[in-house]
Amino acid sequence: MMKRRSNYIGCMRDSSATTPSSTSKDEEIDWEMRPGGMLVQKRTDKSDSSAPNVRIRVAYGALRYEIFVNSEATFGELKKLLTAETGLQAGEQRLIFRGKEREDGDYLDMCGVKDRSKVILMEDPCSREKRAIEMRRNAKIQTAQRAISDVSMEVDKLAEQVSAIEKSISNGTKVPEVQITTLIEMLMRQAIKLDSISTEGDASAQKNLQGKRVQKCVETLDMLKISNARVKPVIVTTKWETFDPPIPTTAHWEFFD
């Protein structure tokens, strides 16, 4: 009995002596803490490649999607795949599995996700509010751009009339002053419309451009009003030619029996 015991102890010593040498040949093992406090070996690219793909059924409101993803992927990677399907960015998504919202770093298989598992997709309330604000802002910009476009068309028509008046005065033709005054008033109405348009971004630059056009036309008309006052009106006179009255003639009548 004593001999056998010594042999057993000897075997234990031999095995313990060989253990460090065997482990020294293996690669160093990295460990990581999984959700739930479980300490497991850290996954490598080699282990990920051998993991099978699973089909996950995703419910987003009334819409349904089927996503094929690696079983050892994270919920953050699943969100990236859902971005292409739903249009929601990863930061705007909330994934619910088994009644609990999952973090981006949670692994699918560690949370119990299997083939044909169901995941609920919800839009983050903060992102929904931001999207609504952005939509209202874009609608406001579009409304302002349409209003500025309408003013631009009217200014184009009035600018043509300004050019016609300038051409007439340069040719020495006097233009009725009321025509110039009326045109200035019409331009000022367009300037008032521009002032009432609330703009931001690119629309502000368009608004300023049209405002400068109106101002230039008004300044041109003010100068034309002065030039027009200096133009002398053309007086057309008609010369009448007089003729001498005709000489009266007397008829001689011949009588016959």
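**Close-up 1. N70 sits in strand 4, which spans residues 63-70.** In this predicted model, N70 counts as buried because its relative accessibility is 19%, and the cut-off for buried is under 20%. Look next at its surroundings: a polar atom of the N70 side chain lies 2.8 Å from the backbone nitrogen of E72. A51 is 19 residues away from N70 in sequence, yet the two C-alpha atoms are 6.5 Å apart in space.

**Close-up 2. Helix 4 (residues 125-170) packs with helix 6 (residues 202-230).** Their axes are 10 Å apart and meet at an angle of about 20 degrees, so helix 4 runs roughly parallel to helix 6. The crossing of helix 4 past helix 6 is left-handed. On helix 4, the residues making the contact include A144, I148, V155, D156 and I169; on helix 6, K207, R213, V214, C217 and L224 are among them. By type, the contact residues divide into 12 nonpolar, seven polar and four charged.

**Close-up 3. R98 has a positive phi of about 55 degrees, although R98 is not a glycine.** For context, most residues other than glycine have a negative phi. You will find R98 in the loop between strand 5 (93-97) and strand 6 (100-101). With a relative accessible area of 61%, R98 is exposed.

**Close-up 4. R116 is another residue that is not a glycine but has a positive phi, here of about 70 degrees.** R116 belongs to the loop between strand 6 and strand 7 (118-123). Its relative accessible area is 45%, so R116 counts as partly exposed.

Notes: Residues are numbered from 1 along each chain as its sequence is written. This is a predicted model: local features need pLDDT of at least 70, side-chain atom pairs count only at pLDDT 80 or more; totals for chains, interfaces and linings use all residues. Side-chain values use heavy atoms; hydrogens and water are left out. Axes are lines fitted to C-alpha atoms, for helices over the stretch in contact, and angles run from 0 to 180 degrees between N-to-C directions. Helices (H or I, at least four residues) and strands (E, at least two) are DSSP runs, numbered from the N terminus. Angles under 35 degrees count as roughly parallel, over 145 as roughly antiparallel, 65 to 115 as roughly perpendicular and the rest as oblique. A crossing is left-handed if the near helix is turned anticlockwise from the far one by less than a right angle, and right-handed if clockwise. Contact means heavy atoms within 4.5 Å. Ala, Val, Leu, Ile, Met, Phe, Trp, Tyr, Cys and Pro count as nonpolar, Asp, Glu, Lys and Arg as charged, and the others, Gly among them, as polar. Buried means under 20% relative accessible area, exposed over 50%, partly exposed in between (1.4 Å probe, protein chains only). A polar contact is a pair of N or O atoms within 3.5 Å; within protein, one must be able to donate a hydrogen and the other to accept it, and residues adjacent in sequence count only if both atoms are side-chain atoms.
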